[in-house]
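This report concerns the surroundings of a ligand and the salt bridges of a protein model.

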Amino acid sequence: MLFKQQALLRQKLFVLGSLAIGSLLYLVARVGSLDRLQPLCPIDGRFGTRGQDEIPLRALQFKRGLLHEFRKGNATKEQIRLHNLVQQLPKAIIIGVRKGGTRALLEMLNLHPAVVKASQEIHFFDNDENYAKGIEWYRKKMPFSYPHQITIEKSPAYFITEEVPERIYKMNSSIKLLIIVREPTTRAISDYTQVLEGKERKNKTYYKFEKLAIDPNTCEVNTKYKAVRTSIYTKHLERWLKYFPIEQFHIVDGDRLITEPLPELQLVEKFLNLPPRISQYNLYFNATRGFYCLRFNIVFNKCLAGSKGRIHPEVDTSVITKLRKFFHPFNQKFYQITGRTFNWP
Ligand code: A3P
């Protein structure tokens, strides 16, 4: 008798448990689908005083849903019209620096409900062939967004390409420009590592970093080596300053974005005149990857691709010292111009 009662109780508990799990799963799915389908969270006021260069934010809505459907090719023209979706020229561009953390910055900013990223690097301003196709071609490469959202693209080659500042200026002289930098020697090695991996993939051999970075005739730093040149940030920035005032730039600390992304992102939100919406909830440290990953909501999170965060080859310490000494005066100038000081050696 007692055994029968216990079995009945167990059965009841099982049914109740299943019901609870089922309801929970339903709720999770519902929250996910709401987030995808509906604009939530209308903006509750204005943030900061509106200046001419301020990005207009009439309302703040969660954007996923229809944009996501459209990217998958599921949204109809009617839906696009109904929701007022548009392809907008970027209001801000991550112009570089290559291997500074440009992808991480773009993806993290995309967590903000008022930001829509152009997923691919467009290479409009640095590639003559693309540039010749005209601004409408560029606009058509942009993702669909709600009119109050801002589009951001990143093409790190912009920072070092001669013609780009003038071309961007012609499109929009008040555009906001983001530059993410890392300690110059580490960045150069990261740059080298990427090229090395490409060569290895094609079964090709490649020089050691030391051989490329140091001129064997003079034993001095080889300034003809692109990975070295790219890390002379001040030289490139000075070209940009012929077209844009320094206030239109924001410098992101790429080393800090790796270890402590939130404060860096909050500075960018401020620079873009966006209300603070990215929170610690959106960023979680993934010990396996060794990097912060992104959490959009209860069901959707992602880490950057494995090509981000490569293991660098070991480099001779005397070469590292030489490079650091070489970059030092350029770094000082960079701090002076930008008003942002880094603890680079
Ligand atoms: P390494 O591969 O040298 O580690 P970019 O996107 O401009 O090519 O920059 C790549 C760099 O972004 C990586 O360089 C990595 O260190 C850095 N990074 C910053 N935050 C990251 C993150 N959350 N996940 C992966 N890589 C990140």
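The model is predicted, so local features need pLDDT of at least 70 and side-chain atom pairs count only at pLDDT 80 or more, while totals for chains, interfaces and linings use all residues. Residues are numbered from 1 along each chain as its sequence is written, and side-chain values use heavy atoms, with hydrogens and water left out.

**Ligand shell**

The ligand is surrounded by 17 residues, each with a heavy atom within 4 Å of it. Lys99, Thr102, Ser190, Tyr292 and His312 are the closest. Polar side-chain atoms of Thr102 and of Ser190 each lie 2.6 Å from an oxygen atom of the ligand. A polar backbone atom of Arg310 is 2.9 Å from a ligand oxygen atom. Helix H4 (102-109) and strand E9 (291-295) each give two or more residues to this shell; H4 gives the most, with 4 residues.

**Salt bridges**

The structure holds 17 salt bridges, a salt bridge being a side-chain nitrogen of Lys or Arg within 4 Å of a carboxyl oxygen of Asp or Glu.

Glu107 and Arg103, by contrast, both lie in helix H4, 4 residues apart.

Note on methods:
Polar contact = N/O pair within 3.5 Å; in protein donor to acceptor, adjacent residues only side chain to side chain.
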